[in-house]
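Here are my notes on this one, as numbered points. Have the viewer open while you read.

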Amino acid sequence: MLNDLFQEAWKSLNDAASGKEHPFNFCTLATIGKNASVRQRTVILRGVTENKSLLFYTDLRSKKIKQIEHNSKANGLFYDPKIQLQLVFKGNILVHTDDEAWEEHKDKIDGKAVNNYNTLLAPGKPIKNPFSVERTKNLNFGLLEFKPVKMEFLKLKEDSNHLRARYKIEEGIWKQTFLVP
């Protein structure tokens with residue numbers, strides 16, 4: 001049963017990465033800033049690798065990049081309200097800026113999506129008019145690869161027989177155990 005839950009979680013993540021209609025498409029990513037302050041933000045799941053890394057896009061000038069450079073540890077939170085499934089990940093983030101993975105994902109950005117990475121000013125900078133953001137030809141695109149080392153699975157059930165499990169990588173293998181919900 002533990003393996004079935006693990007497979008269900010990764011199938012849902014793969015489904016979310018390939019289509020915008022899945023609740024896991026949007027998730028919360030938390031990083032640690034200076035003075036151990038935690039910053040959370042909603043991000044879009046862009047891919048799941050064969051090695052079970054989660055992929056996200058970002059502007060290379062965003063605060064999360066500075067936080068990741070300071071401390072690569074991160075948490076990810078996914079929730080599907082329809083089936084009441086929550087996945088919590090702990091792991092480390094690797095920033096790709098000029099390699100094969102980055103190139104592959106950069107090539108997928110088209111149309112209006114380019115505007116997410118070509119502003120003159122960095123994200124979070126004060127502006128006077130939100131309808132006249134200046135843009136450049138520079139693409140400040142970064143690919144974040146979140147490499148989980150731990151996943152907690154929690155499925156709430158109407159009969160209160162909730163299912164909770166922990167999966168943790170030890171020596172390259174996902175070890176698994178049930179937890180009290």
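1. Is Q84 buried, partly exposed or exposed? Q84 comes out partly exposed because its relative accessible area is 29%, where buried means under 20%, exposed over 50% and partly exposed in between (1.4 Å probe, protein chains only). Q84 sits in the loop between β5 and β6, and its phi is positive, about 50 degrees, although it is not a glycine.

2. Before going on: this is a predicted model, with local features needing pLDDT of at least 70 and side-chain atom pairs pLDDT 80 or more, while totals for chains, interfaces and linings use all residues. Residues are numbered from 1 along each chain as its sequence is written, and side-chain values use heavy atoms, with hydrogens and water left out.

3. K82 is in the loop between β5 (73-80) and β6 (85-96); strands here are DSSP runs of E, at least two residues, and helices are runs of H or I, at least four, numbered from the N terminus. K82 counts as exposed because its relative accessibility is 77%. K82 and K66 are 16 residues apart in sequence and 35 Å apart in space, C-alpha to C-alpha.

4. A36 has a positive phi too, near 60 degrees, and is not a glycine. Most residues other than glycine have a negative phi. A36 belongs to the loop between β1 (26-32) and β2 (38-44), and at 60% relative accessibility it counts as exposed.

5. L121 lies in the loop between α3 (100-106) and β7 (141-155). With 44% relative accessibility, L121 is partly exposed.
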